[in-house]
Amino acid sequence: MSKSSGMSNSELPRFLIGSEVGESRKLDNRDMRNISGPYGEEEEEEDEDQSERQIVVGICSMMKKSTSKPMTEILERLCKFEYITVVIFPEEVILGEPVEKWPLCDCLISFHSKGFPLDKAMSYAKLRNPLLINDLNMQYFIQDRREVYRILKEEGIDLPRYAVLNRDPDRPEECNLVESEDHVEVNGEVFHKPFVEKPVSAEDHNVYIYYPTSAGGGSQRLFRKIGSRSSVYSPESTVRKTGSYIYEEFMPTDGTDVKVYTVGPDYAHAEARKSPALDGKVERDSEGKEIRYPVMLTAMEKLVARKVCLAFKQTVCGFDLLRANGHSFVCDVNGFSFVKNSMKYYDDCAKVLGNMVMRELAPQFHIPWSIPMEAEDIPIVPTTSGTMMELRCVIAVIRHGDRTPKQKMKMEVRNALFFELFEKYGGYKSGKLKLKKPKQLQEVLDIARQLLAELVLHNDCEIEEKKSKLEQLKTVLEMYGHFSGINRKVQLTYLPNGQPKASSEEEDTLKEGPSLLLVLKWGGELTPAGRVQAEELGRAFRCMYPGGQGDYAGFPGCGLLRLHSTYRHDLKIYASDEGRVQMTAAAFAKGLLALEGELTPILVQMVKSANMNGLLDSDSDSLTDCQQRVKARLHEIMQKSKDFNDDDYSKLAPTGSPSLVNSMGIIINPVRTCDQVHTLIKSLTQQICRRLEDPKSADLQLYHSESLELMLQRWSKLERDFRMKNGRYDISKIPDIYDCVKYDTQHNSSLALEDTLELFHLSKALADIIIPQEYGITKAEKLDIASAYCLPLVKKIQLDLQRTHEDEAVNKLHPLYSRGVMSPGRHVRTRLYFTSESHVHSLLNIFRYGGLLNEQKDEQWKQAMDYLSAVTELNYMTQIVIMLYEDNNKDPSSEERFHVELHFSPGVKGCKDEENAPLGFGFRPASSENHEKQTNPGSLEDLSQDEPDRAVLTEPINIQKKSPLVRNRKGGSMEALSESNPSSRGLAYRIFPSSSRQSPEIKPSGLGFEGYSLVPSIYPLETLHNSLSLKQVDEFLTALCKNGSETQFKRLKTLSAMFESHSQPSIDVDSLETPVTTPVQSQPTAQSLWYTGGPPSTSSGPLSPSVADPSSNFAFSSE
């Protein structure tokens, strides 16, 4: 019990505050309200001269800091210690009076900020010799980032690779900077973009991050928070030419920073916040404060906090951690810094500081003091309820969004200049070379210009054909006025004996000797519509995740944002190396995580390029033997100038797929249909030519800044290439024709060109046969080709599912802050794979034809297969989603413990086919064994029972008693998504509340993933199966991998080893920890907490705000 309750006002500990005009006031009883907690052991006997034995703690800093909310909260608590009085030095005294006239104190808390006279504070410490909470001399070093990094390096603390550029005329050898397009060389050290440029002065917060041209270039400019912004994107790509800077490697942190606050070497509070480099938007709560989340530090990170605190001799010290690639790196040390808006931290900080002061000074003052002991805080966390399952893993494979038409030109080249270029960039290592960087594309353009100039001088009739190709190469490379790897690329493939046979585009006479096949690709950029689709789908995707309390509860998907910010969301986003795929991934991440601003910073930080042994990339120009045979058969069947007969149906559609049969019924005679298509294309090019001649159309701008000339080029090339010189049709051009007419029908319909709809329907019917059948005609071929494309991806998905329940060491939320969250120590693993059409077709074929389930025995799977057979096109934003749930009530070894669901959406709705779209059975409908419980087998949802989902998001939802959902009272979010109680499994339910835009005419059986009513242009997710066991899926994937060919299996093992090596082994912290030697005291005249050489007492506060990890293991999973 505190004695202060029996004391008069005059006997209360003094808390003197310097006011604006230099006056000071004494806090009254209201300020000195008692709080529970052992801030000081009480002696039973009264001591009459107790008030004369007060320990005075002086606060010497600028007034803005001394009177800030965190400081006031902590000082109020510090005054609860019976023998401690706090005196705040007024700012005018600090600035205007000599140190001899400053107030006296026994312990000094003094720290530098803008305008503070650190020299005077050091003079005062030398004069009065108080106990120093934060060493003053070291605060000079903290103001210089070079010194900070030097000290961190000396202490063996991990920091990003860096180099210092000193622009000092006296030291020219330290100012060696060579700048290139995508990297800088600083004093011999090369930093590839993205890299970070920091001013050497820690007071200068203008930190720049430079992005590579492949991601769009430009830079992100960070600054001290102004309103709701902390950074802004700039197109400027060149580094600053005045001032001294540190250049360092950019660390990919998945968009969050960790701020760590120490109070002595044994206490650290950590918070996550959105990285200012991500979109520059500061997230603020209802009070206008930046939103931050307490996180748990790993044992290794606690060791780093201890080292930083001791190395810089700052008891109260803030520093920044970057968690990247399974390691933690310190990137900044801020010195004296308090947590804002955390009552727990205020309590802990005052307790730790008070105990430190009493432990050091009580013996000198002969104050009776014994170290208080208290029980550890026991986190009380609700467990999962009854039959609810916990979402553990979400895996999605997603096709890119709407793009401009892809265009391609092939030419065989033999000129020595091309071979020199091939050798320069290491083409002979693999026989293939991909050129995307602006500098590389410029070199190809230079060669084309040089050869064309030579052709003008020596007009050789033998190479006229090549001249037209060179001119096209030159035209395309000059097209945009600038280079970006996102919209053009050149591929070179070494042909030891030249072209094996004439391609459909070229029918030159064969020449002997080695050559290079040059493939120029352009177009295929993600359109603004594609960005919107991806972003909206990302926003809707949030709602598949549990949670959503507090500030986020007002809108759907809040659970995911809270999970991600508190490091309970283990998210990795992978994309192939195509620009459109990477930009789709970035736009999706923007929607998923509620980011703002440009896509380039998001792409660089959030999206991993997964070009690892063909994980998401495939070289469509090097086809497998099986694919070559399939294409030849397709070509043969589609070249017949007669009506399809029964034999053709069995040859072309042996699986009996309704979508194929319907398309063949529309086509009837393939050559006659191709004739019609060619005639329609000619009509289209003639119409465009007439428009070009019309003066009114001179400045006509088409969608995505295309001109009529470029549109004419597109269609003229297709007209030339589709009908070959021998009069036959090149059916490999059908997908391109459909691509172009689909694009123009959707985006350029304002031109009102005649016959486009007829061209659309005919080319779609042809494409609906050609595209899916290029991936195999028979089931065996489909599986063979699918394995060649996506065996590495299948193995990766298997690893993702296995690792989810094995790895519990990553990114846990501090349990004290997790009340109301299911299993706070657990995390949800999300793996998103963005790729192209080939991988989506292949993966779907693996699930359809690989033998996952027997459709004769499983009614739900049979319905799913019927639905997939009726889907005509895997359009942009097609999704294959696998969700893994855990039933915590089942035995850990039971097959029923882990439950897998498979979902699918055919992506964006087509221009005119919505009314004919096949209907699935909704999202997460009743499982097959409950069919007898359904009153209407054709409709798996009773809409009358589903009214709550139609509530407007902002209104409270009236939950039906039957509903298995646990909704937040603000609506729109849930704590659990899976329900396994047999009595209610017959109820289908939706994850998303409906939007008012939902069409009332939609049939009940096709309701699907209701949340995608938020994305009206995308088909909802349909459940293919919702009662698979993890063992079942794992055995299926294992069997698939074993059936791969020997060469594929070798490639697979390499990939597996690569991913296995990413998982860090556990490290025993005790074996790593070296004894901390006592630093030499720089100012022996002033007492310092750093002067005592004994081990720190455990009484100075709890080890950390997190629960101690008994195993002291530190491991990250980086998949």
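Biologist: Which element has the lowest mean pLDDT, and which the highest?
Modeller: Strand E31 (residues 978-979) has the lowest mean pLDDT, 31, while strand E5 (residues 107-110) has the highest, 97; pLDDT is the predictor's confidence in each residue, from 0 to 100, and strands (E, at least two residues), like helices (H or I, at least four), are DSSP runs numbered from the N terminus. This is a predicted model, in which local features need pLDDT of at least 70 and side-chain atom pairs count only at pLDDT 80 or more, whereas totals for chains, interfaces and linings use all residues. Residues are numbered from 1 along each chain as its sequence is written, and side-chain values use heavy atoms, with hydrogens and water left out.

Biologist: What's the mean for the chain?
Modeller: The mean pLDDT of the chain is 75, and 71% of its residues reach 70 or more.

Biologist: And where does pLDDT stay under 50?
Modeller: One such stretch is residues 1091-1119, for which the model has 87 contacts beyond four places in sequence, a contact meaning heavy atoms within 4.5 Å. Where pLDDT is low, the predicted coordinates should not be read in detail.

Biologist: Switching to helices: how do H12 and H14 cross?
Modeller: The axes of H12 (residues 528-541) and H14 (residues 579-592) come within 6 Å and cross at roughly 40 degrees, the axes being lines fitted to C-alpha atoms over the stretch in contact, with angles running from 0 to 180 degrees between N-to-C directions. The two helices are therefore oblique to each other, since angles under 35 degrees count as roughly parallel, over 145 as roughly antiparallel, 65 to 115 as roughly perpendicular and the rest as oblique.

Biologist: Which residues make that contact?
Modeller: Among them are Arg 531, Ala 534 and Phe 541 of H12, and Met 583, Phe 588 and Leu 592 of H14. The residues of this contact divide into seven nonpolar, three polar and four charged.

Biologist: What about H19 and H22, at what angle do they pack?
Modeller: Helix H19 (residues 670-693) and H22 pack at about 145 degrees, with their axes 10 Å apart. Their contact includes Val 677, Leu 680 and Ile 681 of H19 and Leu 759, Leu 762 and Leu 766 of H22.

Biologist: How many salt bridges are there?
Modeller: A search of the whole structure finds 44, each a side-chain nitrogen of Lys or Arg within 4 Å of a carboxyl oxygen of Asp or Glu.

Terms used. Nonpolar A, V, L, I, M, F, W, Y, C, P; charged D, E, K, R; others polar.
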